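Biologist: I have a new model on my screen and would like to learn how to read it. Could you walk me through it, one feature at a time?

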Amino acid sequence: MESRFLSRATTVSHLRRPLRESNGNAICSFLSIKPIGAVSEGGNLIWGRQLRPSLLLEASYPVSARKEILRPVMAAASSPAEGSDSSGDGKAAPVGFFDKYPALVTGFFFFMWYFLNVIFNILNKKIYNYFPYPYFVSVIHLFVGVVYCLVSWAVGLPKRAPIDSNLLKLLIPVAVCHALGHVTSNVSFAAVAVSFTHTIKALEPFFNAAASQFILGQQIPITLWLSLAPVVLGVSMASLTELSFNWTGFISAMISNISFTYRSIYSKKAMTDMDSTNIYAYISIIALIVCIPPAIILEGPQLIKHGFSDGIAKVGLTKFISDLFWVGMFYHLYNQLATNTLERVAPLTHAVGNVLKRVFVIGFSIVIFGNKISTQTGIGTAVAIAGVATYSYIKAKMEEEKRQGKAA
């Protein structure tokens, strides 16, 4: 259920933006526009999303100029005043906290990303223990996030970016896949142990690699395929002896993997220079619209007949409403933090961090819920996670070398 559509990208170059210097002449830089997501899934969306789902705008100046990375969410890159001297004469602007302690700030982002993700998974499973309606809860996740985005737009943090019909057509397939992957992930979470669902979702890089090879026609190096073998083996070992295993949970998690893979494929085609916060907001709105009809059709009669009353009777009205509100907030915020973290670090760092995040979620869920796992399941989970880590490292390393080769 992770938003990965904001995690990987292929750079499109040869788009130029004039940059004004103090002498009035114009210089041109390449503006690299990255898609909302990509098939190469080193880290998990909205990412996931994986939905392992981010836009990074990198303005690469000529060798004589300095390179800046624009972070649309957390910080705007400052530019010299129109009449300033580019040689550095005059008073330097005061250094802010974010610029003075970048490592500390990045560490805080990782901590909050992990913390919110763990809290979301724990609270989400607790809700399913007394209110087993994953379609409705999925709608609540998105609804709370959409309300959060609308309030943010209303106060101008961030300012809403306009959307046209062309961009909307590109985002609809991404949002539909995001909605399907999100709902099926929740169906799996409701049916089996959280740790088991996350073990199955560790197969997502395998589906991404297969889609790259057989749908997009991209050649996947043999080293990447070999690194995925432990993932398949580990998930198979864990599934055979998982005490909470049932086919509903297993098949739903597999459908989620396929959905997030297709989301990455469509994201590759949806190229835009809109900032990631606004993109995620629009995708959440579309995904909410997609999720409402199946929730009404599949769970509406049961909810009206006894679902709401049973849930409220077990925990009380106040806790019932507060749990649904907070699980929606945690879902939206952890996806947004994953995006913001990616904007601060290299893809390799984010990929490794995403693997560690899955380890944290599996470990904490076992401790909190007291899930009993067999020795074979534990070994299989560890092997699968190790395989994902190896794949993520190799893939991110290859992407870095490719970017360095283009820059040279």
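Modeller: Gladly. This is a predicted model, so let us begin with a single residue and see what surrounds it.

Biologist: Fine. Leaving aside its neighbours within four places in sequence, which residues is Ile127 in contact with?

Modeller: Ile127 is in contact with Val137, Asp323, Leu324 and Val327, once neighbours within four places in sequence are left aside.

Biologist: What is the largest nonpolar core made of, and which residues have the most contacts inside it?

Modeller: The largest nonpolar core has 44 residues, and Ile127 is among those with the most contacts inside it, together with Trp113, Phe131, Phe136 and Leu324. Two or more residues each come from helix H2 (102-130), helix H3 (134-155), helix H4 (165-191), helix H9 (276-315) and helix H10 (317-342). H2 gives the most, with 13 residues. There is also a second, separate core of 22 residues, including Ala193, Phe196, Phe250 and Val355.

Biologist: How many helices and strands does the protein have?

Modeller: The protein has 12 helices and 4 strands.

Biologist: Why is helix H6 described as largely enclosed by the rest of the structure?

Modeller: Because 9 of the 11 residues of H6 (residues 204-214) are buried. The buried ones are Glu204, Pro205, Phe207, Asn208, Ala209, Ala210, Ala211, Ser212 and Gln213. They pack against helix H5 (194-201), helix H7 (222-241), helix H8 (247-269) and helix H12 (375-407).

Biologist: And for the protein as a whole, what percentage of residues count as buried?

Modeller: Of its 408 residues, 50% count as buried. The protein exposes about 18,700 Å², and carbon and sulfur atoms supply 67% of that.

Biologist: How do I spot parts of the chain that are separated in sequence but meet in space?

Modeller: Compare the sequence separation with the C-alpha distance. Thr106 and Val345 are 239 residues apart in sequence, yet their C-alpha atoms are 7.8 Å apart. Thr106 lies in helix H2, and its contacts beyond four places in sequence are Arg344 and Val345. At 14% relative accessibility, Thr106 counts as buried.

Biologist: What about the backbone itself?

Modeller: Most peptide bonds are trans. A cis peptide bond joins Leu157 and Pro158 here, with omega about 0°. Pro158 lies in the loop between H3 and H4.

Biologist: Which residues does UniProt list for "transmembrane region"?

Modeller: The unreviewed UniProt entry lists 101-123, 135-155, 167-183, 247-266, 278-297, 317-334, 355-371 and 377-394. Over residues 355-371 the chain is 88% helix and 0% strand, with the end C-alpha atoms 21 Å apart. Over residues 377-394 the chain is 100% helix and 0% strand, and the end C-alpha atoms are 26 Å apart.

Conventions: Residues are numbered from 1 along each chain as its sequence is written. This is a predicted model: local features need pLDDT of at least 70, side-chain atom pairs count only at pLDDT 80 or more; totals for chains, interfaces and linings use all residues. Side-chain values use heavy atoms; hydrogens and water are left out. UniProt positions are given in the numbering used here, feature names are shortened, and annotations may be inferred rather than shown by experiment. Buried means under 20% relative accessible area, exposed over 50%, partly exposed in between (1.4 Å probe, protein chains only). Accessible areas come from the Shrake-Rupley method with a 1.4 Å probe; for residues, only the protein chains shown count as cover. Contact means heavy atoms within 4.5 Å. A nonpolar core is a set of buried Ala, Val, Leu, Ile, Met, Phe, Trp, Tyr and Cys residues joined through side-chain atoms within 4.5 Å.
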